[in-house]
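Open the structure in your viewer and keep the selection tool at hand. The tour goes stop by stop.

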Amino acid sequence: MFTTAELRTVAVDGRLLRVAVRPGHREPGQPARPPLLLINGIGASLELLEPFTVLVDPAVEVIRFDPPGVGGSAQAPGPYRFTGLCRLIARLLTELGHDQVDVLGISWGGAVAQHFATFQRSRCRRLVLVATATGAVMVPARPSVLAHMITPRRYLDRGYLHRVAGGIYGGSARDDPAAIAAVMHGGDGSNRVGASRGYVYQLAAGAAWTSVPFLRWLRQPTLILSGDDDPIIPLANARLLHLLIPNSRLHVYHGGHLGLVTEATELAPLVNDFLA
């Protein structure tokens, strides 16, 4: 159950997107703050980032959405690329009444966030990249890890996730896989992956994509967060992002791929300070 955000369905170019908006609450006399747009990892519905959302500065409006075919959003009519998805996101922001936002992307969503910040530059003020990489040109995970990522089974089968969580997510998941399973499979059934076709379309969107040719043109201040035990996105990828993005800073936290959720109390204050 949501206690911090309003759930709604928004029609964007004829597509129905499931969106959660946590309003910002300014003190009298405080200037308006740009909203924070969160772009989630592959297959994950917007509920996954609730533990982080509740720790974002209360003055900041937080926007989450399910990509096409994920969670409660309608299926995409066919495969799509990041360019088309970023145009859809820009139009969603327009529907919500926002010209410019800060953007945080995690994992697959971090790749989308890089593309959005580059090709929808005027819509993005600041950028936060969490547990993500440069796409096809990157330091890859081990084949045994990648094998678990090609299907959405971990979202659909709690027992399977409990068995594999430590090996694919690292960090605290190694010692407490049950906690990861609880986060990704809420007791109310709220964490939904959607049809498998939506997951395949997400995989296809990033399959041949890389940000290496254009990261040097990113001008937004950028915060890069990476765990020191992330089997999916090895730490070397964050160092490459930091090298290629001119106005960036890198923070390495002790944890795994889902640190934004499991270490939210540590990472949220860093994000709040950066956005402020």
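Select Arg91 and Asp13: in this predicted model, their side chains meet in a salt bridge, 2.7 Å from N to O. The two partners are 78 residues apart. Arg91 sits in helix H2, while Asp13 is in the loop between strands E1 and E2. Arg91 is partly exposed at 41% relative accessible area; Asp13 is exposed at 53%.

Next, pick Asp102 and Arg125. Is Asp102 buried or exposed? Asp102 is buried, with a relative accessible area of 2%. Arg125 is partly exposed at 27%.

Move to Arg174 and Asp229, whose closest N and O atoms are 2.8 Å apart in a salt bridge. Arg174 lies in the loop between H6 and H7, and Asp229 in the loop between E7 and H9, so the bridge ties together parts 55 residues apart in sequence.

Then show Arg18, Glu47 and Asp66, which are linked in a salt-bridge network. The count of salt bridges comes to nine.

Now display the largest pocket, with a volume of about 560 Å³. Its lining has 22 residues; Trp108, Met138, Leu203, Gly206 and Ile233 lie nearest the centre. Helix H8 gives the largest share of the lining, three residues. By type, the lining has 17 nonpolar residues, five polar and no charged.

Last stop: helix H11, residues 264-275. Its buried residues include Leu267, Val271 and Phe274. Look down the axis: the buried residues fall within an arc of 165 degrees, so they line one face of H11. On the other side, Thr265 and Asp273 are exposed.

Technical notes:
Residues are numbered from 1 along each chain as its sequence is written. This is a predicted model: local features need pLDDT of at least 70, side-chain atom pairs count only at pLDDT 80 or more; totals for chains, interfaces and linings use all residues. Side-chain values use heavy atoms; hydrogens and water are left out. Helices (H or I, at least four residues) and strands (E, at least two) are DSSP runs, numbered from the N terminus. The expected span of a helix is 1.5 Å times one less than its number of residues. Buried means under 20% relative accessible area, exposed over 50%, partly exposed in between (1.4 Å probe, protein chains only). The arc is that of the directions from the helix axis to the C-beta atoms. On a 1 Å grid over the protein atoms alone, a cavity is a set of points where a 1.4 Å probe fits but cannot get out, and a pocket is an open set with protein on both sides within 12 Å along at least five of seven lines; lining residues have an atom within 4 Å of a point. Grid points are joined across faces, edges and corners, and a volume is the space filled by probe spheres set on the points. Ala, Val, Leu, Ile, Met, Phe, Trp, Tyr, Cys and Pro count as nonpolar, Asp, Glu, Lys and Arg as charged, and the others, Gly among them, as polar. A salt bridge is a side-chain nitrogen of Lys or Arg within 4 Å of a carboxyl oxygen of Asp or Glu.
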